[in-house]
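This report is for a reader new to the structure.

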Amino acid sequence: MDEVFSDFEKHRYLDFVACWFWKGAQYIAGTNSELSFVATNSLCQGEQVALLWPRISTLNISMHIAYQSFPWKNNAKNNAGVHVVIIGLSCFARKKFIFSNQKDIFLSKEVSEISPYLLEGNNSYVISRAKPLCSVSQMVYGNKPVDGGHLILDKRQYESLIESEPSSRRWIKRLYGADDFLNGKERYCLWLLGISSDEINSMPEVLRRVEQVKLTRLASPKAATRKLSEVPHLFGEIRQQMGGHYILIPRVSSERRIYMPTAFLDSEIISTDGNQTIPNGTLYDFGIINSSMHLDWMRTVCGRLESRFNYSATIVYNTFPWPNASSIQKKEIESLSEKILLVRENFPQKTLAQLYDPDLMPAELLEAHQALDVAVEKLYRERPFKGSSERLEHLFKLYEKLTSNNSDNQANGELW
């Protein structure tokens, strides 16, 4: 890959199959030849899009065949879970087609152009950003333990610890990874921020766990992790806000869901790095990220694990073109967001995974989300969008406008 991509930047973010696309594109450039490959679907998702496809387009080569992501049944042991795409490249193709298989129905569509995301559209692509494109709340990773599991407790371990060492109770907090959050699993963690060494030493089981963290970190091949052995009682990376609440967004979520489960959590609940968080997030923030406008954007530009959505702050949230809403419009979004939260409370016995299963989603919850969708769409234009394709076309135009009008690629969100 170093040789094939010798003049590329960050080429090691690319899958190995990208080598064949780049060499193949160079081989057919300026000829009537065409090529196609079966490839991992990640080439058309997340950061890889901006790394590979703009360079191929400089050769005056475009996609003329795109078969959207599908699971590949193969001869690997246990039929390894691989999701693939089929992409054809050509210099002079007169016709271009997008193919898909939706619920065992084969579909084909002739289009004028195919975007790098395997949708109908031009060559626009999204570049990851460290900060949001618009003036909105920041999104950050949850806290990363880097502890070998020694600071984390399941329910049985939690109960056993507070029984044997009652003074440990004040240093234990509820912990949410993505799976805990979605499926209602009960886990806890030792959150020892501010504890003294004397207090740790007074609790033998807590001390044992801290010493195990130190040994785990010292054994790491990474110098930064070994450095963390100096503070073995703390999570490796701490981003938890002090006081108030935050919005939690699981980083990985099922592609089957119409809407992505998110929620407000008290800052006393610790989130792991399996989630993204918006510290002190508002009901308006909640409404926008739960809308079909944002979720269509996420489905298009995010990376994936197999076919599941991998929500990223840098490639999804920070690149999203937010609407320019008045205070009255924001209050309407806040009210509709609150309605969603209130409807959820009518089903305390159900997990978020159950509530957002498309086959089981309560009608009143679906209706609450659909009402929010309508209101958010009106922030972008008065005329309703016909579907995902129109929403994405509109969002990509806004994205191009925002990025092109800002030389430092930092927009203020008030350009339209």
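Gly236 is buried, with a relative accessible area of 17%. The cut-off for buried is under 20%. The model is a predicted one. Gly236 sits in the loop that joins α7 (223-227) to β10 (245-250). Leaving aside residues up to four places away in sequence, Gly236 touches Lys144, Pro145, Val146, Arg217 and Leu228. Of these, Lys144 is 92 residues from Gly236 along the chain, yet the C-alpha atoms of the two are separated by 5.7 Å.

**Helix α3**

Which residues of helix α3 are buried? In this helix, residues 155-164, they are Tyr158, Leu161 and Ile162. Their directions span an arc of only 90° around the axis, so they lie on the same side of α3. An α-helix has 3.6 residues a turn, so residues three or four places apart point the same way. The exposed residues Arg156, Glu163 and Ser164 are on the other side of α3.

The buried residues of α3 pack against three strands, β7 (152-154), β8 (172-176) and β9 (187-190), and against helix α6 (204-218). At the start of α3, the backbone nitrogen of Arg156 has a side-chain oxygen of Asp154 within 3.2 Å.

**Two helix pairs**

Two packed helices are described by the angle between their axes and the distance between the axes. The table gives these values for two pairs.

| Pair | Axis distance | Angle |
|---|---|---|
| α1 (residues 18-28) and α2 (residues 48-57) | within 10 Å | roughly 10° |
| α9 (residues 292-301) and α14 (residues 388-404) | 10 Å | about 80° |

The axes of α1 and α2 cross at roughly 10°, which makes α1 roughly parallel to α2. From α1, the residues in contact are Ala18, Phe21, Trp22 and Ala25, and from α2 they are Leu52, Trp53, Arg55 and Ile56. By class, this contact of α1 with α2 has 7 nonpolar residues, no polar ones and 1 charged.

How are α9 and α14 arranged, roughly parallel or roughly perpendicular to each other? Their angle is about 80°, and α9 and α14 are therefore roughly perpendicular. In α9, Ser292, Met293, Asp296, Trp297, Thr300 and Val301 take part in the contact, meeting Ser388, Arg391, Leu392, Leu395, Phe396 and Tyr399 of α14. The residues of the contact of α9 with α14 divide into 7 nonpolar, 3 polar and 2 charged.

Key
Residues numbered from 1 in each chain as written. Predicted model: local features only at pLDDT ≥ 70, side-chain atom pairs only at ≥ 80, totals over all residues. Heavy atoms only, no water. Buried < 20%, exposed > 50% of the residue type's maximum accessible area, 1.4 Å probe, protein only. Helix = DSSP H or I, 4+ residues; strand = E, 2+ residues; numbered from the N terminus. Arc of directions from axis to C-beta. Contact = heavy atoms within 4.5 Å. Polar contact = N/O pair within 3.5 Å; in protein donor to acceptor, adjacent residues only side chain to side chain. Axes fitted to C-alpha atoms, helices over the stretch in contact; angles between N-to-C directions. Parallel < 35°, antiparallel > 145°, perpendicular 65-115°, else oblique. Nonpolar A, V, L, I, M, F, W, Y, C, P; charged D, E, K, R; others polar.
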